[in-house]
Amino acid sequence: MAEIEKLLLFASIITCGVSCVFHIIGWIFSKDTVFSIGKGLIWPFLGLVTGAIAVRWHHLGHGPYITLYEVLLSNVWVATALYLAVTFKRKGLEAIGVFAMPIILLTVGAVVMSPSHSSNLTPAYKSVWLILHICFAKLTYGSLVVATALSISILLKRYAAEKHRFMMRLTEPERADRLCHKLIAASLMFASIMIVSGSIWANQLWGKYWGWDPVEVWSLITWIVYGLYLHLRITYRFKGVPAAVYCINSFLVSAVSFFIMPYVLNTVHNSFMFAK
Amino acid sequence: MVVGFIGSKKVAVFILVLVLVIVVYEGVTQQVTAKILIAGAFLLAANLVCCMYVNAGRVAKRSLRQTGFVTFHTGLLVILLGGVVSYYTYSVGYVEVAEGNSFSDERSSYNGWKQRFGSRKGTGVQIGVKKIHLNFWENGQIKEYTSQVVIRDGGMEREAVLEVNGSVRHRGLLINLARYFGLAPHFALETAQGEKEGYIYISDTGKTNTFTIPALGYEATAAYRNITDRAVAVSVCAPGKGWVSRTMVAGDVLDLGKGRLKLTGISLWNGITVVKDSGKEITFAGFALFLAGLLMYYLRFFQEALRSGRD
């Protein structure tokens, strides 16, 4: 089973990498066919990741939410699925794949670098609140990846489109900005449910709903950062380039809470994420 | 006019930036004092109260979005209130109890006690551990862990099962199963001065425990290899004899020269925490309000976004 899973993961890295290259080449050199192949490769990539998750799930008997490897792998799945969902029926948004796919490729890289050892389902993981907590953490991450890709496209379209013709393929900044706003509103809602369900689970487990754990604090920071974005938008008509710059920096803040904190600090989350 | 200013969006933005700076500083240094956090929460609460006051009238227009706006901001306010109440009322006691034994919810009964404010002494509720159930996966990871307890409160008695994710509530107390468990060998020491008896709690994590044999003052260690073995390796440093070591099962006796150490039985023990937190229910009510309000506020927004082909 482990061999099949490794094979599927390896194939998915190759597919994701090739998709990234085709996206970038097709975009820069205005080669529609190459770009379309890159876009088309996202579906088999999602299929391969789904296969890797399914094989592991079948083998271990639990969902992909216990070890860091599993958490990252399912993050890749959600981010890719959300990207496809957002761009599926909306014409002219495909170019954001040029930015979304490299972010997804980096996440796949993080999956490969994480220890893939298996962990059993211990009693602490048997909670519906934990499943909600993890599902909404993934939805938050997925929406932020797509929002960040849209923000990068806004900046490039504004500053580089005149010099480089291939930038013309990018979505109109106003449209990207509108979508980015909706995705951030959605991610704030997902993050709220993630924090609330995590609190309820912590209360079940430790009798304490908030412990100022570093990952909790950084999740709160991420939540405030995106809450501030929405307030700035309503109050100061915050949009366009400044909003895009803010959004990209906010994604870096969320990356700190998702990936860096569990690695560098002693937190209750790493005993779960690293399944010690 | 003052209320309008304090409750304005511009002030909200300023306070959010301030709170963000405080929380980032806490995230980086982990040194922000509770007073600073409460001061930040107070400013946010002042802004929210004024904002609610200003916007409450607009709810009368029966707009779902306006109702949602007021509801989720009220939810935030309730969460802040719950957090402050929790901060001032939270107390937790930790105790290790062997099967068949009980303890009373009194400060003196606990091995560890944390309380920032007040002087809660406990309710006097008796909690007895009737049966501990442990089961392991092949690689040693825990598969099942529950504890059947008996709660006696005045003339009332009830049984309940503590689970890892299933605390038991009783009279405002939250009784939790802590992650710690292990073997508790029960020893009887016979010396010329008389007989003494007691449990030694061997931790599942360290799997070894150092203790001093009462009356004799000898240093000793106890450890177990596997929790299912129901055998403990006991080593005693007896003067003149050096370290005397033996793997003991119930009924075995270790001759220490000036006394006899008898292992009378081996039980399982588990850690239990008893929490008193008056702010918890308020916070959870705030969570419910907040999420319901947020959903109302964004309902139309997401409905439009989900329609095919529309941004």
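**Chains A and B in a predicted model**

The buried residues of α5(A) are covered by elements including α1 (2-28), α2 (32-40), α4 (68-88) and α6 (128-160) of chain A. Elements here are DSSP runs numbered from the N terminus, with helices (H or I) of at least four residues and strands (E) of at least two. The model is a predicted one, with local features needing pLDDT of at least 70 and side-chain atom pairs counting only at pLDDT 80 or more, while totals for chains, interfaces and linings use all residues. Residues are numbered from 1 along each chain as its sequence is written, and chains are lettered from A and ligands numbered from 1 in the order in which they are written.

Back to α5(A). Its buried residues are Gly97(A), Val98(A), Phe99(A), Ala100(A), Met101(A), Ile104(A), Thr107(A), Val108(A) and Val111(A). Burial is a matter of counting C-beta atoms, placed from the backbone: a residue with 20 or more others within 10 Å of its own is buried, one with 12 or fewer is exposed, and anything in between is partly exposed. The helix covers residues 97-113, and its 17 residues should span 24 Å at 1.5 Å a residue, which agrees with the 24 Å between its end C-alpha atoms. The expected span is 1.5 Å times one less than the number of residues.

Zooming out, chain A has ten helices and zero strands. The radius of gyration of chain A is 19 Å, close to the 19 Å from the globule rule for 276 residues, so chain A is as compact as a globular protein of that length. The radius is taken over C-alpha atoms, and the rule is 2.2 Å times the number of residues to the power 0.38. Along the principal axes, the C-alpha atoms of chain A fill a box of roughly 55 × 50 × 30 Å. Of its 276 residues, 51% count as buried. Among contacts in chain A with a separation of 6 or more, 77% link residues 24 or more positions apart; a contact means C-beta atoms, placed from the backbone, within 7 Å.

Now for the interface. Chain B puts 42 residues in contact with 39 residues of chain A. On the chain B side, the elements giving two or more residues are α2 (9-29), β5 (142-153), β8 (173-191), β16 (259-276) and α5 (280-306). The largest share, twelve residues, comes from α2(B). By class, this side has 23 nonpolar, eleven polar and eight charged residues. Ala, Val, Leu, Ile, Met, Phe, Trp, Tyr, Cys and Pro count as nonpolar, Asp, Glu, Lys and Arg as charged, and the others, Gly among them, as polar.

Chain B is assigned domain 1 (2-89 + 288-306), domain 2 (91-181 + 271-276) and domain 3 (185-263), with bounds from an automatic or database domain assignment. The C-alpha centres of domains 2 and 3 of chain B lie 27 Å apart, and each of these domains gives five residues to their contact. On the domain 2 side, β1 (91-98) and β8 of chain B each supply two or more residues. That side has four nonpolar, no polar and one charged residues.

Trp212(A) is not a glycine, yet has a positive phi of about 50 degrees. Trp212(A) sits in the loop between α7 (173-206) and α8 (214-236) of chain A and is partly exposed, with 14 other C-beta atoms within 10 Å. Arg171(B), not a glycine either, has a positive phi of about 45 degrees. Arg171(B) lies in the loop between β7 (168-170) and β8 of chain B and is exposed, with 11 other C-beta atoms within 10 Å.

Notes:
Contact = placed C-beta atoms within 7 Å.
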